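Biologist: Hi! I'm new to this one, could you walk me through it?
Modeller: Happy to, here it comes.

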Amino acid sequence: MKVKLQHVAHARSGDKGNTSNISVFAFAPELYPLLKEQLTAERFKQFYGNAITGTVTRYDVDNIHAMNFVCQGALGGGVSRSLCLDNYGKALSAAILGFEMEIPDHLKGLLQAPHLISA
Amino acid sequence: MLTVKRNDVGEKKMKDVIRIGSGAAWWGDRVEPAALNAEKGDLDYLCFETMAEATVSAAQVRSRRDQGFPGYDTYLDDRMKAVLPACMKRGTKIVTNQGWINPDAAARRVATLLKEMGYTGVKIASVNGSLITEHVLEMTDTILENGLPTATLKSNLISAEAYLGAEPIVEALKAGAQIVITGRVADPSIFMAPMMYEFGWDPLDHVRLGQGNGIGHLMECGAQVTGGYFMDPGFKDVPEPWKFGFPIAEVSRDGSAVITKVAGTGGAVNLQTVKEQLLYEVHDPANYLTPDVVVDFTTVKLEQVGPDRVRVSNIGGKPRTPTLKVSIGCTEGHIGEDMFFYAGPGALRRAQIAKKVLEERFKIVNLQAEDIRIDFLGLNAIHGAATPANAPEPYEIAVRVAARTKTKEEAAKVGREVDGMAVSGIAHTGKRVPHQERTREVIGVWSSLVPREKVPTSITYIES
(Lines give C-alpha, C1' and ligand atoms only; values in the text may rest on other atoms or scores of the structure.)
Protein backbone atom coordinates (compact mmCIF):
# COMPACT_ATOMS: atom_id res chain seq x y z
CA MET A 1 0.00 0.00 0.00
CA LYS A 2 1.02 3.62 -0.56
CA VAL A 3 1.14 5.96 2.43
CA LYS A 4 2.64 9.32 3.20
CA LEU A 5 5.94 9.29 5.06
CA GLN A 6 4.23 10.82 8.11
CA HIS A 7 2.86 7.36 8.93
CA VAL A 8 6.31 5.79 8.66
CA ALA A 9 8.62 8.33 10.26
CA HIS A 10 8.87 11.60 12.14
CA ALA A 11 11.16 14.48 11.22
CA ARG A 12 12.87 17.62 12.53
CA SER A 13 14.83 20.36 10.80
CA GLY A 14 17.70 22.48 12.09
CA ASP A 15 19.66 25.39 10.63
CA LYS A 16 23.31 26.27 10.29
CA GLY A 17 24.20 29.09 7.91
CA ASN A 18 22.58 28.38 4.55
CA THR A 19 22.33 24.65 5.30
CA SER A 20 19.28 22.89 6.68
CA ASN A 21 19.57 19.43 8.18
CA ILE A 22 16.35 17.48 8.01
CA SER A 23 16.43 14.31 10.06
CA VAL A 24 13.96 11.48 9.61
CA PHE A 25 13.26 8.84 12.29
CA ALA A 26 11.47 5.54 11.71
CA PHE A 27 8.47 4.95 13.98
CA ALA A 28 9.52 1.29 14.25
CA PRO A 29 12.84 -0.50 13.61
CA GLU A 30 11.15 -2.74 11.02
CA LEU A 31 10.21 0.34 8.95
CA TYR A 32 13.76 1.70 8.86
CA PRO A 33 15.04 -0.51 5.99
CA LEU A 34 12.14 0.72 3.85
CA LEU A 35 13.12 4.30 4.54
CA LYS A 36 16.73 3.62 3.63
CA GLU A 37 15.70 1.96 0.42
CA GLN A 38 13.02 4.38 -0.74
CA LEU A 39 14.06 7.79 0.61
CA THR A 40 17.40 8.22 -1.15
CA ALA A 41 19.29 11.52 -1.17
CA GLU A 42 18.41 11.91 -4.87
CA ARG A 43 14.69 11.45 -4.28
CA PHE A 44 14.84 13.74 -1.27
CA LYS A 45 16.40 16.53 -3.31
CA GLN A 46 13.97 15.98 -6.15
CA PHE A 47 11.04 16.17 -3.72
CA TYR A 48 12.13 19.59 -2.45
CA GLY A 49 12.76 20.86 -5.99
CA ASN A 50 14.27 24.34 -6.20
CA ALA A 51 13.75 24.86 -2.47
CA ILE A 52 17.17 23.20 -2.13
CA THR A 53 19.72 24.78 -4.47
CA GLY A 54 22.78 22.80 -3.37
CA THR A 55 23.68 19.21 -2.70
CA VAL A 56 21.87 16.80 -0.37
CA THR A 57 23.96 14.35 1.64
CA ARG A 58 22.33 11.53 3.58
CA TYR A 59 23.92 10.24 6.77
CA ASP A 60 22.46 7.04 8.22
CA VAL A 61 22.39 6.56 11.98
CA ASP A 62 21.41 2.90 12.12
CA ASN A 63 21.47 2.47 15.89
CA ILE A 64 18.60 4.94 16.33
CA HIS A 65 16.91 4.10 13.01
CA ALA A 66 17.40 7.59 11.66
CA MET A 67 18.70 9.36 8.58
CA ASN A 68 20.06 12.89 8.50
CA PHE A 69 19.71 14.81 5.24
CA VAL A 70 22.12 17.72 5.06
CA CYS A 71 20.75 20.16 2.49
CA GLN A 72 23.03 22.92 1.28
CA GLY A 73 21.46 26.05 -0.10
CA ALA A 74 18.09 25.44 1.55
CA LEU A 75 17.77 28.61 3.61
CA GLY A 76 17.73 31.45 1.09
CA GLY A 77 21.36 32.45 1.75
CA GLY A 78 21.16 31.97 5.53
CA VAL A 79 18.84 32.96 8.33
CA SER A 80 19.54 36.71 8.25
CA ARG A 81 19.64 37.06 4.44
CA SER A 82 16.64 34.86 3.72
CA LEU A 83 13.50 36.42 2.23
CA CYS A 84 11.44 33.44 3.42
CA LEU A 85 9.00 34.09 6.28
CA ASP A 86 10.28 30.92 7.94
CA ASN A 87 13.87 32.03 7.68
CA TYR A 88 15.21 29.34 10.01
CA GLY A 89 13.48 26.66 7.94
CA LYS A 90 11.92 25.27 11.12
CA ALA A 91 8.86 24.17 9.11
CA LEU A 92 10.93 22.76 6.24
CA SER A 93 10.95 19.26 7.75
CA ALA A 94 7.16 19.05 7.44
CA ALA A 95 7.31 18.90 3.64
CA ILE A 96 8.97 15.49 3.56
CA LEU A 97 6.07 14.07 5.60
CA GLY A 98 4.17 14.13 2.30
CA PHE A 99 6.69 11.87 0.51
CA GLU A 100 4.91 8.78 -0.78
CA MET A 101 6.14 5.41 0.50
CA GLU A 102 5.28 1.87 -0.57
CA ILE A 103 4.66 -0.36 2.46
CA PRO A 104 4.29 -4.16 2.24
CA ASP A 105 1.08 -5.47 3.78
CA HIS A 106 2.76 -7.39 6.58
CA LEU A 107 4.17 -4.12 8.01
CA LYS A 108 0.88 -2.19 7.86
CA GLY A 109 0.29 -2.75 11.56
CA LEU A 110 3.38 -0.68 12.40
CA LEU A 111 2.19 2.51 10.71
CA GLN A 112 1.59 5.49 12.96
CA ALA A 113 -1.91 7.01 13.14
CA PRO A 114 -3.52 4.49 10.74
CA HIS A 115 -6.90 6.20 11.27
CA LEU A 116 -5.50 9.29 9.54
CA ILE A 117 -4.39 7.48 6.37
CA SER A 118 -6.24 9.13 3.49
CA ALA A 119 -7.51 7.07 0.60
CA MET B 1 21.45 38.65 56.28
CA LEU B 2 20.47 35.63 54.23
CA THR B 3 22.92 32.80 54.17
CA VAL B 4 24.26 31.57 50.91
CA LYS B 5 25.30 27.98 50.46
CA ARG B 6 28.58 27.70 48.70
CA ASN B 7 31.04 24.99 47.92
CA ASP B 8 34.43 26.38 48.72
CA VAL B 9 37.29 24.96 46.72
CA GLY B 10 38.89 23.21 49.66
CA GLU B 11 35.68 21.45 50.66
CA LYS B 12 34.88 20.06 47.25
CA LYS B 13 33.86 16.44 47.40
CA MET B 14 33.52 14.31 44.30
CA LYS B 15 29.86 13.62 43.59
CA ASP B 16 28.69 10.51 41.77
CA VAL B 17 25.81 12.24 40.01
CA ILE B 18 25.28 15.91 39.31
CA ARG B 19 22.04 17.53 38.24
CA ILE B 20 22.27 20.11 35.47
CA GLY B 21 19.17 22.00 34.36
CA SER B 22 18.38 24.18 31.40
CA GLY B 23 17.25 27.76 31.99
CA ALA B 24 16.99 28.99 28.41
CA ALA B 25 17.53 27.71 24.88
CA TRP B 26 17.51 31.10 23.16
CA TRP B 27 17.11 34.79 23.84
CA GLY B 28 13.32 34.82 23.53
CA ASP B 29 12.72 31.67 25.54
CA ARG B 30 10.17 31.44 28.34
CA VAL B 31 11.29 32.39 31.85
CA GLU B 32 8.83 30.43 33.99
CA PRO B 33 10.30 26.96 33.22
CA ALA B 34 13.71 28.30 34.31
CA ALA B 35 12.21 29.42 37.62
CA LEU B 36 10.54 26.02 37.99
CA ASN B 37 13.84 24.22 37.37
CA ALA B 38 15.52 26.44 39.96
CA GLU B 39 12.79 25.84 42.52
CA LYS B 40 11.91 22.19 41.97
CA GLY B 41 14.77 20.71 39.95
CA ASP B 42 17.11 20.14 42.92
CA LEU B 43 19.86 21.38 40.62
CA ASP B 44 23.58 21.61 41.15
CA TYR B 45 23.82 23.78 38.04
CA LEU B 46 21.41 25.90 36.03
CA CYS B 47 22.68 26.76 32.56
CA PHE B 48 21.41 29.37 30.10
CA GLU B 49 21.98 29.55 26.35
CA THR B 50 20.70 32.84 24.92
CA MET B 51 22.62 33.54 21.72
CA ALA B 52 21.79 32.93 18.07
CA GLU B 53 24.23 33.17 15.15
CA ALA B 54 23.61 36.89 14.63
CA THR B 55 23.12 37.87 18.28
CA VAL B 56 26.55 39.41 18.73
CA SER B 57 26.41 41.39 15.51
CA ALA B 58 22.93 42.66 16.28
CA ALA B 59 24.11 43.66 19.75
CA GLN B 60 27.08 45.52 18.23
CA VAL B 61 24.79 47.41 15.85
CA ARG B 62 22.48 48.33 18.70
CA SER B 63 25.27 49.42 21.01
CA ARG B 64 26.55 51.82 18.33
CA ARG B 65 23.15 53.48 18.05
CA ASP B 66 21.88 53.19 21.60
CA GLN B 67 24.26 54.53 24.25
CA GLY B 68 22.08 53.08 26.99
CA PHE B 69 22.30 49.48 25.75
CA PRO B 70 24.61 47.63 28.14
CA GLY B 71 25.49 44.87 25.67
CA TYR B 72 24.16 41.82 27.50
CA ASP B 73 20.96 39.74 27.25
CA THR B 74 18.04 42.15 27.30
CA TYR B 75 16.18 39.65 29.50
CA LEU B 76 19.05 39.26 31.99
CA ASP B 77 17.04 40.94 34.78
CA ASP B 78 13.91 38.90 34.11
CA ARG B 79 15.80 35.62 34.07
CA MET B 80 18.02 36.28 37.07
CA LYS B 81 15.23 37.72 39.24
CA ALA B 82 13.22 34.58 38.51
CA VAL B 83 15.94 32.08 39.46
CA LEU B 84 18.38 33.72 41.88
CA PRO B 85 16.38 33.29 45.11
CA ALA B 86 15.95 29.54 44.61
CA CYS B 87 19.52 29.10 43.33
CA MET B 88 20.98 30.92 46.33
CA LYS B 89 18.84 28.89 48.73
CA ARG B 90 19.79 25.54 47.17
CA GLY B 91 23.40 26.45 46.36
CA THR B 92 22.77 25.97 42.65
CA LYS B 93 25.51 27.44 40.50
CA ILE B 94 24.70 29.30 37.31
CA VAL B 95 26.53 29.16 33.98
CA THR B 96 25.20 31.49 31.30
CA ASN B 97 26.24 33.09 28.02
CA GLN B 98 24.00 36.08 28.70
CA GLY B 99 27.09 38.32 28.69
CA TRP B 100 26.81 38.69 24.90
CA ILE B 101 29.27 41.49 24.05
CA ASN B 102 29.78 42.68 27.61
CA PRO B 103 30.09 39.87 30.17
CA ASP B 104 31.67 42.25 32.72
CA ALA B 105 28.64 44.54 32.68
CA ALA B 106 26.33 41.55 33.00
CA ALA B 107 28.32 40.35 36.02
CA ARG B 108 28.05 43.78 37.65
CA ARG B 109 24.31 43.81 37.00
CA VAL B 110 23.86 40.35 38.56
CA ALA B 111 25.92 41.48 41.57
CA THR B 112 23.58 44.45 41.99
CA LEU B 113 20.51 42.23 41.75
CA LEU B 114 21.97 39.87 44.37
CA LYS B 115 22.71 42.74 46.74
CA GLU B 116 19.17 44.06 46.31
CA MET B 117 17.90 40.63 47.29
CA GLY B 118 20.17 40.54 50.31
CA TYR B 119 22.72 38.05 49.04
CA THR B 120 26.23 39.36 49.57
CA GLY B 121 29.58 37.72 49.03
CA VAL B 122 28.51 35.72 46.01
CA LYS B 123 31.45 35.28 43.64
CA ILE B 124 30.64 36.04 40.00
CA ALA B 125 33.02 35.37 37.11
CA SER B 126 32.90 36.98 33.70
CA VAL B 127 34.70 35.24 30.84
CA ASN B 128 36.11 37.42 28.06
CA GLY B 129 38.06 36.63 24.94
CA SER B 130 35.50 35.45 22.43
CA LEU B 131 35.20 38.89 20.80
CA ILE B 132 38.02 39.17 18.26
CA THR B 133 36.62 41.85 15.94
CA GLU B 134 39.73 44.03 15.89
CA HIS B 135 42.15 41.33 14.80
CA VAL B 136 39.93 38.85 12.99
CA LEU B 137 41.19 39.69 9.51
CA GLU B 138 44.79 38.99 10.55
CA MET B 139 43.86 35.89 12.55
CA THR B 140 41.81 34.16 9.84
CA ASP B 141 42.37 33.27 6.19
CA THR B 142 39.39 31.85 4.37
CA ILE B 143 35.62 32.21 4.48
CA LEU B 144 34.30 28.66 4.86
CA GLU B 145 31.11 29.28 2.89
CA ASN B 146 32.66 30.60 -0.33
CA GLY B 147 36.43 30.08 -0.13
CA LEU B 148 37.22 33.80 -0.49
CA PRO B 149 39.75 35.52 1.80
CA THR B 150 38.19 36.94 4.98
CA ALA B 151 39.90 40.22 4.03
CA THR B 152 37.11 40.71 1.47
CA LEU B 153 34.75 41.35 4.41
CA LYS B 154 36.78 44.31 5.69
CA SER B 155 34.54 47.17 4.57
CA ASN B 156 31.34 45.62 5.95
CA LEU B 157 32.68 44.02 9.14
CA ILE B 158 30.62 44.58 12.30
CA SER B 159 31.94 41.98 14.68
CA ALA B 160 33.71 38.69 14.92
CA GLU B 161 33.69 36.15 17.68
CA ALA B 162 35.38 32.84 18.28
CA TYR B 163 33.36 29.99 19.75
CA LEU B 164 35.09 29.25 23.05
CA GLY B 165 34.99 25.85 24.70
CA ALA B 166 34.30 24.82 28.28
CA GLU B 167 37.80 25.35 29.71
CA PRO B 168 37.51 28.99 30.88
CA ILE B 169 34.21 28.16 32.60
CA VAL B 170 35.88 25.22 34.37
CA GLU B 171 38.67 27.54 35.48
CA ALA B 172 36.14 29.99 36.91
CA LEU B 173 34.35 27.21 38.78
CA LYS B 174 37.67 25.99 40.17
CA ALA B 175 38.27 29.51 41.45
CA GLY B 176 35.04 29.25 43.42
CA ALA B 177 32.66 31.22 41.20
CA GLN B 178 28.98 30.63 41.99
CA ILE B 179 27.88 32.33 38.79
CA VAL B 180 29.82 32.27 35.50
CA ILE B 181 28.84 34.71 32.75
CA THR B 182 30.33 34.40 29.27
CA GLY B 183 30.13 35.83 25.79
CA ARG B 184 30.19 33.41 22.87
CA VAL B 185 30.78 29.86 24.03
CA ALA B 186 29.72 26.82 22.01
CA ASP B 187 26.26 25.90 23.28
CA PRO B 188 27.00 22.32 24.49
CA SER B 189 30.14 23.51 26.29
CA ILE B 190 28.03 25.65 28.65
CA PHE B 191 26.39 22.47 29.91
CA MET B 192 29.52 20.32 29.84
CA ALA B 193 31.74 22.67 31.87
CA PRO B 194 30.09 21.67 35.19
CA MET B 195 30.70 17.98 34.36
CA MET B 196 34.39 18.61 33.68
CA TYR B 197 34.74 20.55 36.91
CA GLU B 198 32.78 18.21 39.17
CA PHE B 199 34.23 14.98 37.80
CA GLY B 200 37.74 16.27 37.20
CA TRP B 201 37.80 15.43 33.48
CA ASP B 202 40.96 16.33 31.61
CA PRO B 203 40.28 18.77 28.72
CA LEU B 204 41.99 16.30 26.38
CA ASP B 205 40.03 13.24 27.60
CA HIS B 206 38.04 12.95 24.38
CA VAL B 207 36.22 9.81 25.49
CA ARG B 208 34.52 11.49 28.46
CA LEU B 209 34.22 14.86 26.73
CA GLY B 210 32.52 13.25 23.74
CA GLN B 211 29.90 11.75 26.03
CA GLY B 212 29.54 14.95 28.07
CA ASN B 213 29.34 17.19 25.03
CA GLY B 214 26.68 14.93 23.54
CA ILE B 215 24.62 15.42 26.70
CA GLY B 216 25.28 19.17 26.46
CA HIS B 217 24.00 19.09 22.90
CA LEU B 218 20.77 17.42 24.08
CA MET B 219 20.34 20.12 26.74
CA GLU B 220 21.23 23.24 24.76
CA CYS B 221 17.84 23.61 23.07
CA GLY B 222 15.82 23.36 26.26
CA ALA B 223 12.26 22.20 25.70
CA GLN B 224 13.16 20.72 22.31
CA VAL B 225 14.10 17.54 24.18
CA THR B 226 11.11 17.61 26.58
CA GLY B 227 8.30 17.81 24.03
CA GLY B 228 8.75 21.25 22.47
CA TYR B 229 8.94 21.58 18.66
CA PHE B 230 7.63 18.01 18.64
CA MET B 231 3.87 17.54 18.94
CA ASP B 232 2.06 16.53 15.78
CA PRO B 233 -1.55 15.73 16.70
CA GLY B 234 -2.54 12.16 15.97
CA PHE B 235 1.05 11.20 15.16
CA LYS B 236 3.09 12.40 18.12
CA ASP B 237 1.03 13.62 21.05
CA VAL B 238 2.34 14.93 24.36
CA PRO B 239 0.33 16.10 27.37
CA GLU B 240 -0.23 19.76 28.18
CA PRO B 241 1.94 21.35 25.48
CA TRP B 242 1.35 24.77 27.06
CA LYS B 243 3.50 24.12 30.14
CA PHE B 244 6.66 22.34 29.09
CA GLY B 245 9.41 21.82 31.60
CA PHE B 246 12.99 22.53 30.60
CA PRO B 247 15.27 19.49 30.70
CA ILE B 248 17.39 18.24 33.57
CA ALA B 249 20.38 15.95 33.02
CA GLU B 250 21.39 13.64 35.86
CA VAL B 251 24.99 13.09 34.81
CA SER B 252 27.16 10.25 36.10
CA ARG B 253 30.91 10.37 36.39
CA ASP B 254 31.42 8.58 33.08
CA GLY B 255 29.34 11.24 31.34
CA SER B 256 26.30 9.08 30.72
CA ALA B 257 23.10 10.74 31.86
CA VAL B 258 19.40 10.44 32.38
CA ILE B 259 17.47 13.23 30.67
CA THR B 260 14.33 14.13 32.60
CA LYS B 261 12.21 17.09 33.72
CA VAL B 262 10.35 18.38 36.76
CA ALA B 263 7.31 16.24 37.60
CA GLY B 264 3.96 17.77 36.78
CA THR B 265 5.16 19.73 33.76
CA GLY B 266 3.72 19.12 30.30
CA GLY B 267 5.47 17.48 27.41
CA ALA B 268 7.47 14.27 27.52
CA VAL B 269 10.97 12.87 27.58
CA ASN B 270 10.92 9.75 25.46
CA LEU B 271 13.01 8.02 22.81
CA GLN B 272 11.40 10.08 20.07
CA THR B 273 11.98 13.50 21.67
CA VAL B 274 15.59 12.56 22.49
CA LYS B 275 16.33 11.19 19.01
CA GLU B 276 14.97 14.30 17.31
CA GLN B 277 17.13 16.55 19.45
CA LEU B 278 20.17 14.31 19.08
CA LEU B 279 20.43 15.16 15.36
CA TYR B 280 19.19 18.77 15.61
CA GLU B 281 21.60 21.09 13.77
CA VAL B 282 24.02 18.20 13.33
CA HIS B 283 25.58 17.53 9.94
CA ASP B 284 27.79 14.42 9.95
CA PRO B 285 26.54 12.52 13.04
CA ALA B 286 29.90 10.75 13.38
CA ASN B 287 31.82 14.02 13.43
CA TYR B 288 30.03 16.80 15.30
CA LEU B 289 32.67 19.48 15.71
CA THR B 290 32.80 21.45 18.94
CA PRO B 291 35.63 23.48 20.49
CA ASP B 292 36.22 20.78 23.12
CA VAL B 293 35.87 17.50 21.26
CA VAL B 294 34.56 15.85 18.09
CA VAL B 295 31.36 14.03 19.06
CA ASP B 296 30.24 10.75 17.49
CA PHE B 297 26.50 10.19 17.91
CA THR B 298 26.39 7.02 15.80
CA THR B 299 27.21 4.77 18.76
CA VAL B 300 24.66 6.26 21.17
CA LYS B 301 22.53 4.01 23.33
CA LEU B 302 19.10 5.28 24.40
CA GLU B 303 16.90 3.58 27.00
CA GLN B 304 13.56 4.61 28.47
CA VAL B 305 14.25 3.87 32.13
CA GLY B 306 11.10 5.41 33.60
CA PRO B 307 8.34 7.87 32.84
CA ASP B 308 9.97 10.97 31.29
CA ARG B 309 13.39 9.48 31.94
CA VAL B 310 15.72 8.51 29.08
CA ARG B 311 19.17 7.19 29.77
CA VAL B 312 21.77 8.32 27.22
CA SER B 313 25.10 6.52 27.07
CA ASN B 314 27.87 5.38 24.75
CA ILE B 315 28.24 8.62 22.79
CA GLY B 316 31.67 8.60 21.21
CA GLY B 317 34.40 11.23 21.21
CA LYS B 318 37.45 12.00 19.10
CA PRO B 319 40.27 14.47 19.76
CA ARG B 320 39.38 18.13 19.28
CA THR B 321 40.55 20.01 16.19
CA PRO B 322 43.40 22.56 16.40
CA THR B 323 41.06 25.40 15.38
CA LEU B 324 38.06 27.26 16.75
CA LYS B 325 35.12 28.35 14.64
CA VAL B 326 34.79 32.08 14.09
CA SER B 327 31.55 33.86 13.24
CA ILE B 328 31.94 37.09 11.33
CA GLY B 329 28.98 39.46 11.14
CA CYS B 330 28.78 41.96 8.28
CA THR B 331 26.32 44.59 7.12
CA GLU B 332 24.81 43.37 3.90
CA GLY B 333 22.07 45.84 3.06
CA HIS B 334 18.39 45.82 3.93
CA ILE B 335 15.17 43.86 3.58
CA GLY B 336 11.82 45.51 2.86
CA GLU B 337 8.78 43.43 3.71
CA ASP B 338 4.99 43.75 3.91
CA MET B 339 1.81 41.82 3.27
CA PHE B 340 -1.86 42.21 2.34
CA PHE B 341 -4.81 39.85 2.22
CA TYR B 342 -7.53 38.16 0.18
CA ALA B 343 -10.35 35.86 1.24
CA GLY B 344 -13.47 34.23 -0.11
CA PRO B 345 -14.22 32.60 -3.47
CA GLY B 346 -11.56 33.56 -6.02
CA ALA B 347 -9.03 34.68 -3.41
CA LEU B 348 -6.16 32.95 -5.23
CA ARG B 349 -7.01 34.60 -8.59
CA ARG B 350 -7.04 38.02 -6.92
CA ALA B 351 -3.72 37.26 -5.23
CA GLN B 352 -2.20 36.19 -8.54
CA ILE B 353 -3.14 39.41 -10.32
CA ALA B 354 -2.00 41.42 -7.28
CA LYS B 355 1.40 39.74 -7.62
CA LYS B 356 1.52 40.82 -11.26
CA VAL B 357 0.59 44.38 -10.23
CA LEU B 358 3.48 44.48 -7.75
CA GLU B 359 5.95 43.11 -10.29
CA GLU B 360 4.97 45.84 -12.76
CA ARG B 361 5.02 48.53 -10.07
CA PHE B 362 8.55 47.52 -9.02
CA LYS B 363 9.63 48.11 -12.65
CA ILE B 364 7.90 51.50 -12.76
CA VAL B 365 9.55 52.68 -9.51
CA ASN B 366 12.85 51.08 -10.60
CA LEU B 367 13.29 48.95 -7.48
CA GLN B 368 16.95 47.98 -7.28
CA ALA B 369 16.84 44.62 -5.55
CA GLU B 370 19.26 41.73 -5.21
CA ASP B 371 16.33 39.40 -4.74
CA ILE B 372 12.54 39.72 -4.64
CA ARG B 373 10.11 37.16 -3.29
CA ILE B 374 6.31 37.36 -3.60
CA ASP B 375 4.54 34.48 -1.86
CA PHE B 376 0.98 33.49 -1.12
CA LEU B 377 0.88 32.84 2.61
CA GLY B 378 -1.64 30.06 3.02
CA LEU B 379 -0.45 28.34 -0.14
CA ASN B 380 3.31 28.46 -0.72
CA ALA B 381 5.06 31.06 1.45
CA ILE B 382 6.69 28.57 3.81
CA HIS B 383 7.69 25.65 1.57
CA GLY B 384 8.15 27.70 -1.61
CA ALA B 385 9.33 25.50 -4.45
CA ALA B 386 8.72 22.39 -2.35
CA THR B 387 4.95 23.05 -2.27
CA PRO B 388 3.12 20.18 -4.03
CA ALA B 389 1.58 21.16 -7.38
CA ASN B 390 -1.77 19.74 -6.24
CA ALA B 391 -1.92 21.70 -2.96
CA PRO B 392 -5.55 22.69 -2.29
CA GLU B 393 -6.67 26.25 -3.01
CA PRO B 394 -7.01 28.12 0.27
CA TYR B 395 -10.02 30.21 1.34
CA GLU B 396 -7.78 32.97 2.68
CA ILE B 397 -4.41 34.14 1.36
CA ALA B 398 -1.88 36.75 2.43
CA VAL B 399 0.26 38.14 -0.36
CA ARG B 400 3.63 38.54 1.27
CA VAL B 401 6.37 40.45 -0.50
CA ALA B 402 10.01 40.86 0.49
CA ALA B 403 13.03 42.31 -1.29
CA ARG B 404 16.68 42.48 -0.33
CA THR B 405 18.38 45.73 -1.36
CA LYS B 406 21.64 47.60 -0.86
CA THR B 407 20.05 50.68 0.68
CA LYS B 408 17.27 51.33 3.15
CA GLU B 409 15.64 53.73 0.66
CA GLU B 410 15.24 50.96 -1.89
CA ALA B 411 13.91 48.55 0.75
CA ALA B 412 11.29 51.13 1.75
CA LYS B 413 9.83 50.93 -1.77
CA VAL B 414 8.34 47.52 -0.89
CA GLY B 415 6.09 48.95 1.82
CA ARG B 416 5.27 52.03 -0.27
CA GLU B 417 4.08 49.88 -3.17
CA VAL B 418 1.99 47.74 -0.82
CA ASP B 419 0.46 51.01 0.44
CA GLY B 420 -0.61 51.65 -3.13
CA MET B 421 -2.62 48.44 -3.13
CA ALA B 422 -5.10 50.02 -0.68
CA VAL B 423 -7.02 52.25 -3.09
CA SER B 424 -5.29 51.35 -6.36
CA GLY B 425 -5.28 47.58 -5.98
CA ILE B 426 -7.59 44.67 -6.69
CA ALA B 427 -11.15 44.17 -5.39
CA HIS B 428 -11.46 42.99 -1.77
CA THR B 429 -7.87 43.81 -0.81
CA GLY B 430 -7.39 43.66 2.96
CA LYS B 431 -4.48 45.66 4.35
CA ARG B 432 -2.77 46.52 7.59
CA VAL B 433 -2.36 50.11 8.74
CA PRO B 434 1.36 50.72 7.97
CA HIS B 435 2.47 51.71 11.46
CA GLN B 436 4.96 48.87 11.86
CA GLU B 437 8.59 49.03 10.72
CA ARG B 438 8.74 47.51 7.24
CA THR B 439 12.46 47.55 6.63
CA ARG B 440 15.26 45.91 8.56
CA GLU B 441 19.00 45.70 8.29
CA VAL B 442 20.62 42.50 7.08
CA ILE B 443 23.51 41.22 9.13
CA GLY B 444 25.13 38.46 7.16
CA VAL B 445 27.05 35.84 9.11
CA TRP B 446 30.15 34.18 7.65
CA SER B 447 32.36 31.50 9.19
CA SER B 448 36.09 30.95 9.37
CA LEU B 449 38.61 29.12 11.52
CA VAL B 450 41.28 30.41 13.87
CA PRO B 451 44.09 28.46 15.57
CA ARG B 452 42.91 28.00 19.15
CA GLU B 453 46.13 29.31 20.69
CA LYS B 454 45.49 32.69 19.05
CA VAL B 455 42.37 33.24 21.17
CA PRO B 456 43.42 33.96 24.76
CA THR B 457 40.67 34.18 27.35
CA SER B 458 40.57 36.15 30.57
CA ILE B 459 38.36 35.88 33.63
CA THR B 460 37.32 38.67 35.95
CA TYR B 461 35.88 38.03 39.41
CA ILE B 462 33.62 40.26 41.47
CA GLU B 463 31.54 39.66 44.59
CA SER B 464 28.04 40.85 45.33
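Biologist: Is A:L92 buried or exposed, and why?
Modeller: A:L92 is buried, because 28 other C-beta atoms lie within 10 Å. Buried means 20 or more other C-beta atoms within 10 Å of a residue's own, exposed means 12 or fewer, and partly exposed is in between, with C-beta atoms placed from the backbone. A word on the source: this is a predicted model, where local features need pLDDT of at least 70 and side-chain atom pairs count only at pLDDT 80 or more, while totals for chains, interfaces and linings use all residues. Residues are numbered from 1 along each chain as its sequence is written, and chains are lettered from A and ligands numbered from 1 in the order in which they are written.

Biologist: Nice. Which residues is A:L92 in contact with, beyond its neighbours within four places in sequence?
Modeller: Those are A:S13, A:S20, A:I22 and A:A74; contact means C-beta atoms, placed from the backbone, within 7 Å.

Biologist: And where in chain A is A:L92 found?
Modeller: In the loop between β5 (66–72) and β6 (100–102). Strands here are DSSP runs of E, at least two residues, and helices are runs of H or I, at least four, numbered from the N terminus.

Biologist: Switching to chain B, what is the order of the strands in the open sheet?
Modeller: The 10 strands go β11-β12-β8-β7-β1-β2-β3-β6-β4-β19, with mixed pairing. Two strands pair if DSSP finds at least two bridges between them.

Biologist: Which strands stand at the edges?
Modeller: β11 (301–306) and β19 (458–463) of chain B; each has a single partner strand, so one side of each is left without a neighbour in the sheet.

Biologist: How many bridges join β8 to β12 in chain B?
Modeller: There are 3, between residues 257–260 and residues 309–313, and the two strands run antiparallel.

Biologist: Which helix lies across β8, β11 and β12 of chain B?
Modeller: Helix α9 (residues 271–278), running at about 150° to β11(B). Axes are lines fitted to C-alpha atoms, for helices over the stretch in contact, and angles run from 0 to 180 degrees between N-to-C directions.

Biologist: Last topic: which residues touch the most other members of the largest nonpolar core?
Modeller: Of its 168 residues, A:V24, B:I169, B:V180, B:A193 and B:I259 do. Such a core is a set of buried Ala, Val, Leu, Ile, Met, Phe, Trp, Tyr and Cys residues joined through C-beta atoms within 7 Å.

Notes
Two residues are in contact if their C-beta atoms, placed from the backbone, lie within 7 Å.
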